[in-house]
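Welcome to this short briefing. Please have a look at the sequence and the model below before reading on.

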Amino acid sequence: MRRDGLGGEWPSTRSGVWWALVGSGRWNRYGVAVIEELGARQRSAVVSAILAWFDEHQRDLPWRGPEVDAWAIMVSEFMLQQTPVARVLGPWRDWLERWPTPAALADAPAGEAVRAWGRLGYPRRALRLHAAAVAITERHDGLVPSDIDELRALPGVGDYTAAAIASFAHGQRHVVLDTNVRRVLARIDRGQAHPSTAPTRAEVVMAEQWLPRTRERAARWAAASMELGALVCTARAPQCEVCPVRTRCRWYASGRPAHDGPPRVGQRYEGTDRQCRGALLAVLRSHDTPVAGAELLEVWPDHDQAVRALAGLVSDGLAAQLADDHYVLPG
Ligand code: SF4
């Protein structure tokens with residue numbers, strides 16, 4: 001066992017945890033309560049170290065500014081769901097310049113939201129954000145709600161997005177479990193290279209144990225743990241040598257063992273239906289007038305795939321078919 005720089009002792013292997021605790025004489029006779037107590041202290045030290053790192057190293061992202069309102073944060077969360085920060089910065093600014101409030105977006109046709117979504121990908125998010133703006137305007141006097149259940153009831157807002165908006169926009173205390181946070185906790189707390197494919201109940205319980213008690217610290221923890229996962233504890237090349245908590249990380253301490261769960265498959269894009277849909281939608285976005293179906297289908301070499309993709313766009317509400325086999329963005 002070695003002594004780290006954070007005021008505690010940390011064993012170098014998982015079996016070392018067991019023997020260190022036995023040797024410390026801190027067990028009760030069932031060996032439970034003392035582990036909980038020790039775990040809480042260790043977690044608090046890790047949280048403090050990550051918060052201090054965040055204060056110094058966080059990116060200067062525009063949606064983190066003190067003057068940014070809840071709507072701007074909500075728009076950023078929708079855009080960031082499946083798109084990297086670098087690709088979101090420009091569209092986010094343009095979007096808010098055009099629709100600075102939910103009411104402004106609700107007044108526009110849904111098709112304009114799809115058009116403005118541009119190349120962010122997964123354009124159903126644009127439709128859902130538009131629907132959420134309508135709901136906020138109708139049900140909440142045009143203000144993004146602060147209650148997490150009211151947030152969850154909005155179109156396109158799931159558990160993660162509701163918790164993120166409540167934390168980042170309203171400074172509340174919630175578990176915000178995105179991909180980056182899940183990976184950081186899997187490594188530090190579980191000693192695993194990657195979390196399971198989908199979040200489990202046990203993982204949420206574990207994340208709750210990491211949540212600081214005060215609202216302000218919990219909201220900062222949500223942002224800081226996410227940032228550590230985005231910048232340092234990355235999926236493919238974690239930079240443990242510069243990580244502020246490497247002396248407390250179980251995965252690092254146990255020699256960074258390889259992932260032993262189900263194979264992690266990267267998402268292919270070239271030649272997929274998703275790419276085909278994107279190509280068709282790009283044509284509709286570039287036209288202010290209806291486009292003939294035949295003209296649309298020409299943009300993709302595989303005719304059958306294009307027909308299938310076009311039908312999918314229509315059934316998802318991302319395109320509307322007119323009577324004479326012409327297509328437009330939804331009204
Ligand atoms: S030590 Fe490495 S694996 Fe552990 S939290 Fe830091 S970057 Fe991630």
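Predicted model: local features only at pLDDT ≥ 70, side-chain atom pairs only at ≥ 80, totals over all residues.

Of the 331 residues, 31% count as buried.

**Confidence and overall fold**

- Please take care with residues 1-38, where the pLDDT is below 50. This stretch has 42 contacts in the model beyond near neighbours in sequence.
- Among contacts in the protein with a separation of 6 or more, 61% are between residues 24 or more positions apart.

**Around the ligand**

- The shell around the ligand holds 14 residues, and Cys 233, Cys 240, Cys 243, Arg 246 and Cys 249 come nearest.
- The largest share comes from α10, which supplies three residues.
- Sorted by class, the shell has 11 nonpolar residues, one polar residue and two charged residues.

**Helix α10**

- This helix has 12 residues and reaches 15 Å from its first C-alpha to its last, close to the 16 Å expected at 1.5 Å a residue.
- Is α10 enclosed or open? Nine of its 12 residues are buried, so α10 is largely enclosed by the rest of the structure.
- The buried residues of α10 are Val 181, Arg 182, Arg 183, Val 184, Leu 185, Ala 186, Arg 187, Ile 188 and Asp 189.
- Just after α10 comes Gly 191, with a positive phi of about 70°.

**Helix α6 and what covers it**

- Ala 110, Gly 111, Ala 113, Val 114 and Trp 117 are buried in α6. These residues cover an arc of only 155° around the axis, which puts them on the same side of α6.
- As a reminder, an α-helix has 3.6 residues a turn, so residues three or four places apart point the same way.
- The cover over the buried residues of α6 includes α5 (102-107), α7 and β5 (326-328).

- Leu 105 is found in helix α5. Why does Leu 105 count as buried? It has 27 other C-beta atoms within 10 Å, and the cut-off for buried is 20 or more.
- Not counting residues up to four places away in sequence, Leu 105 touches Trp 99, Ala 113, His 130 and Ala 133. Of these, Ala 113 is one of the buried residues of α6.
- Leu 105 and Val 134 are 29 residues apart along the chain, and their C-alpha atoms are separated by 7.7 Å.
- Glu 138 has its place in helix α7. Glu 138 is exposed, because 12 other C-beta atoms lie within 10 Å and a residue with 12 or fewer counts as exposed.
- From Glu 138 to Ala 103 is 35 residues in sequence and 8.9 Å in space, C-alpha to C-alpha.

**Loop residues to look at**

- Tyr 122 lies in the loop between α6 (110-117) and α7 (124-139). With 16 C-beta neighbours inside 10 Å, Tyr 122 counts as partly exposed.
- How far apart are Tyr 122 and Gly 278 in sequence and in space? Tyr 122 and Gly 278 are separated by 156 residues in sequence and by 8.6 Å from C-alpha to C-alpha.
- Asp 141 is in the loop between α7 and α8 (148-152). Although not a glycine, Asp 141 has a positive phi of about 55°. Asp 141 is also exposed, with 10 other C-beta atoms within 10 Å.
- Arg 256 sits in the loop between α13 and α14 (273-285). Its phi is near 50°, a positive value in a residue other than glycine. Arg 256 counts as partly exposed, with 13 C-beta neighbours inside 10 Å.

Conventions: Residues numbered from 1 in each chain as written. Near = placed C-beta within 6 Å. Helix = DSSP H or I, 4+ residues; strand = E, 2+ residues; numbered from the N terminus. Nonpolar A, V, L, I, M, F, W, Y, C, P; charged D, E, K, R; others polar. pLDDT = per-residue confidence, 0-100. Contact = placed C-beta atoms within 7 Å. Expected span 1.5 Å × (residues − 1). Arc of directions from axis to C-beta.
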